[in-house]
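Biologist: I would like to learn how to read a protein model, one feature after another. Could we go through it slowly together?

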Amino acid sequence: MKSRTKLLAFSFLAFVLLASPSLLPAQWALYGNSGRPHTLLEAPGGGWVIASAGNIFKLSSSGAVVWGQRFDSGPPYSNCKQAWSTPDGGVIAAVDENFGGVATLFKLSAAGGLVWQKTYSCAHAQVQVFCPAPDGGTLMAGQSEGKLILCRLTAEGEIAWQKACDSGRSENASAAAATSDGGFLVLSSSWPTDGSTPGGSELWTLKLDAAGEIEWQKLIGGAAGDTGEVVRQTADGGYLIAGHSASFDPDGRDLFWLLKLSATGAPERQLTLGHVCGGDRWLSLQPAADGSFIAALRPASLPATYRVIIVVIA
């Protein structure tokens, strides 16, 4: 695995919009005052869909607000955590409720109208991962009483299956990716219940088939804490995981970490980028047309407030 890194300022639309709301049009005052934007989606036919903690809205290619929905104007909805595009041109927004233990999904049409709205308890799990599927459905992953809770939804928001995975350890779902065979790869930060891991969590990877059955699972860990934050399937059927690890630094610093797994979960290559992981960590990891990946990260050590490192992973 090769990597090339360079420092640069936010110089293109995605980073400008997500980094600095003050650079958005004046309409931001209507739909964007509630929280910094965290999601930017290219809309079919042009324009952009932007989501923040309290709202989601669409901008035309000229910057005018086409439609908007607010989630912060009253109970029980308070925090839009994530949004993603659907194959029919719409958008799904995942929203936390104030009292926790449940997740609410809003399906919006391409015109911004509400198609459906559903709330899920998922065995009272704290849902932290929302993974869109190619069929328009969603995998939700969370944890309840140390167990990993997985819930697969159809494109209409109905529950297709729900599983509780008990590793005998304490689990904390961190990421997931849809796979080419209709299944998913799920990442979890894993701690032994007896506290025997001296340096921190280990990385638990689970490959699920389309019905949610575990095909294989691997526990990956070094001398200190290892966490996966983003995962993508690669062209060879394997997986690229971006996270952070303190296992490689003699001083115990938490460094940005890349790990390549085979199609059966065996570690093939790994490296750290030499930058200490900060609170923002990995911002994005996206495939390029040539089979490589482009990642954006923001280390704690960068002097300017809104600077990122762009990493090309070949």
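Biologist: In which sense do β14 and strand β15 (residues 184-192) pair, and over how many bridges?

Modeller: Let me begin with the terms: strands (E, at least two residues) and helices (H or I, at least four) are DSSP runs, numbered from the N terminus, and two strands pair if DSSP finds at least two bridges between them. Here β14 and β15 pair in the antiparallel sense, over nine bridges, and within this pairing Ala173 stands opposite Ser188 in β15. This is a predicted model, in which local features need pLDDT of at least 70 and side-chain atom pairs count only at pLDDT 80 or more, while totals for chains, interfaces and linings use all residues. Residues are numbered from 1 along each chain as its sequence is written, and side-chain values use heavy atoms, with hydrogens and water left out.

Biologist: What is the order of the strands in the open sheet that contains β14, and which strands stand at its edges?

Modeller: The order is β14-β15-β16-β17, with antiparallel pairing. The edges are taken by β14 (169-178) and β17 (214-220), each of which has a single partner strand, so one side of each is left without a neighbour in the sheet. From one strand to the next the twist averages 20°, where axes are lines fitted to C-alpha atoms (for helices over the stretch in contact) and angles run from 0 to 180 degrees between N-to-C directions.

Biologist: How does the open sheet with the order β10-β11-β12-β13 pair, and what is its average twist?

Modeller: That sheet of four strands also has antiparallel pairing, its edge strands are β10 and β13, each pairing on one side only, and its twist averages 15° from one strand to the next. Inside it, strand β11 (residues 138-144) and strand β12 (residues 147-153) run antiparallel and are joined by seven bridges, with Leu139 opposite Arg152 in β12.

Biologist: How many aromatic pairs does a search of the whole structure find?

Modeller: Rings of Phe, Tyr and Trp (its six-membered ring) pair if their centres lie within 6.5 Å, and planes under 30 degrees apart count as stacked, over 60 as edge-to-face and the rest as tilted. The search finds three such pairs. In one of them, the rings of Trp84 and Phe130 have centres 6.1 Å apart and planes at 25°, so the pair is stacked. Because Trp84 lies in strand β6 (residues 77-85) and Phe130 in strand β10 (residues 126-132), the pair ties together parts that are 46 residues apart in sequence.

Biologist: Are Trp84 and Phe130 buried or exposed?

Modeller: Buried means under 20% relative accessible area, exposed over 50%, and partly exposed in between (1.4 Å probe, protein chains only). Trp84 has a relative accessible area of 5% and is buried, and Phe130, at 4%, counts as buried too. Another pair is that of Phe248 and Trp257, whose ring centres are 6.5 Å apart with planes at 45°, so the pair is tilted; Phe248 is partly exposed at 40%, whereas Trp257 is buried at 2%.

Biologist: What confidence does the chain have on average, and which element has the lowest mean pLDDT?

Modeller: The pLDDT is the predictor's confidence in each residue, from 0 to 100. The chain averages 79, and 78% of the residues score at least 70.
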